[in-house]
Amino acid sequence: PAGIIMPIIRTLGTVAQQAQRVQQVLPVTVAIRNISFSPRQVTSDASFHSVSFSETDHPKVLITGTVPLVLLVLKRFGKNNVILSDIRKPPSNVFHSGPFIYSDILDYKNLREIVVNNRITWLVHYSALLSAVGEANVALARSVNITGLHNILDIAAEHGLRLFVPSTIGAFGPTSPRNPTPDLCVQRPRTIYGVSKVHAELMGEYYHHRYGLDFRCLRYPGIISADSMPGGGTTDYAVQIFHDAIKSGKFECNLKPDTRLPMMYIDDCLRATLEVMEAPADTLTMRTYNINAMSFTPEELSQELQKQMPELEVTYDVDLVRQAIADSWPMDFDDSNARKDWGWKHDYDLPELVQTMLNYFGVETRMVGAN
């Protein structure tokens, strides 16, 4: 009868319309939940955990920024397991050592493609603007050091990566205890570089506690390397002095002679980075550690260098901006937690540093037995 059929037809029509609406919505929901989860699409019960691999498996490592670390990681894991990325051409020795690709950390989609296509399990994020350069271009530093970091964090959490982000002595400020500076204390930096690094430390630790991200971070002291030119950092005088001493026998320092800062030779720095990345997660009592090797002043470095090059002339023309930055930084790092938790131990003190740098440049030295 029509009185029965018409309600049935209307009911079937309503069910069909509802089914059509479900079909239109459901594929999008399924795509998000089954294919990817990132903090950009987060739900209240979301959780992320790092990818685990056996002792015999090598991680697949992506390194952002052209850094000497790539050569150590290549030696450790093999060129088929390491990819270097940057927006600038790398040095020839780096380019020919293993895979290199163009990558802009501000391009979220491109970064994500690299991680997915290469099955990346470790991400080592070095791309950043340093202290003095950052003060000259705050907008660019904010974009690269903060927005770029957000892209890195989201991708690392989304794909369960082990993430390393370096921090710095610049993450401390004039109200921090300076001699020594412990791992946990007041941090109120006054440079955009320092602010961005505190931001990175806190965001990384938040992602670790909130999403289970395997975030690891070391606060580097001033890093001294012979095979790279100074890059705009406040501690770069300690590299420039060697170049100038060999080239002209004269060096003009832009910091006061008694400005004490923590320093480290590049080999110690790279080894520490690899060691903390390989450390079992259950040995880490924190996610951000100080590391240190030595602390010295421009005057002490000059005197040590003059033992090998007595003709070296050192003068001082203080850069007020860099001096203000240096005066707000630690004079010495307390790195006892790194030494206790994962066995950190430096190899290079000041005499070994000077001889090693001069040997690199082919200068005969009078000392024997440096590491």
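Which residues does Asp268 touch, not counting residues up to four places away in sequence? I looked this up before anything else.

**Ground rules.** I am working on a predicted model, where local features need pLDDT of at least 70, side-chain atom pairs count only at pLDDT 80 or more, and totals for chains, interfaces and linings use all residues. Residues are numbered from 1 along each chain as its sequence is written, and side-chain values use heavy atoms, with hydrogens and water left out.

**Asp268.** I found Asp268 in helix 9 (residues 266-278). Helices (H or I, at least four residues) and strands (E, at least two) are DSSP runs, numbered from the N terminus. Leaving out residues up to four places away in sequence, Asp268 touches Ala293, Trp344, His346, Asp347 and Tyr348; contact means heavy atoms within 4.5 Å. Its side chain reaches the backbone nitrogen of Asp347 at 3.1 Å. A polar atom of the Asp268 side chain also lies 3.0 Å from the backbone nitrogen of Tyr348. Asp268 counts as buried because its relative accessibility is 0%. Buried means under 20% relative accessible area, exposed over 50%, partly exposed in between (1.4 Å probe, protein chains only).

**Helix 7.** I checked the span of helix 7 (residues 192-211): its 20 residues reach 27 Å from the first C-alpha to the last, close to the 28 Å expected at 1.5 Å a residue. The expected span is 1.5 Å times one less than the number of residues. Its buried residues include Ile192, Tyr193, Val198 and Tyr211. The buried residues pack against helix 5 (131-136), helix 6 (138-158), strand 6 (167-168), strand 7 (214-220) and strand 11 (288-290). Just after helix 7, I noted a positive phi of about 80° at Gly212.

**Sheet 8-10-12.** I then listed an open sheet of 3 strands in the order 8-10-12, with mixed pairing. Two strands pair if DSSP finds at least two bridges between them. Strand 8 (222-224) and strand 12 (294-296) each have a single partner strand, so one side of each is left without a neighbour in the sheet. Strand 8 runs parallel to strand 10 (residues 261-265), joined by 3 bridges, and Gly222 has Met263 as its bridge partner in strand 10.

I counted 4 bridges between strand 9 and strand 13 (residues 313-316), in the parallel sense; Cys253 has Tyr316 as its bridge partner. Pro257 lies in the loop between strand 9 and strand 10. Pro257 is partly exposed, with a relative accessible area of 30%. Beyond residues up to four places away in sequence, Pro257 touches Thr297, Pro298, Glu299 and Tyr316.

**Aromatic cluster.** Which residues form one aromatic cluster with Tyr126? Phe164 and Tyr220 do. Rings of Phe, Tyr and Trp (its six-membered ring) pair if their centres lie within 6.5 Å; planes under 30 degrees apart count as stacked, over 60 as edge-to-face and the rest as tilted. The count comes to 12 aromatic pairs. Tyr126 and Phe164 have ring centres 6.2 Å apart and planes at 50°, so the pair is tilted. Tyr126 and Tyr220 are stacked, at 6.4 Å centre to centre and 25° between the planes. Tyr126 lies in the loop between strand 4 and helix 5, Tyr220 in strand 7, 94 residues apart.

Methods
A polar contact is a pair of N or O atoms within 3.5 Å; within protein, one must be able to donate a hydrogen and the other to accept it, and residues adjacent in sequence count only if both atoms are side-chain atoms.
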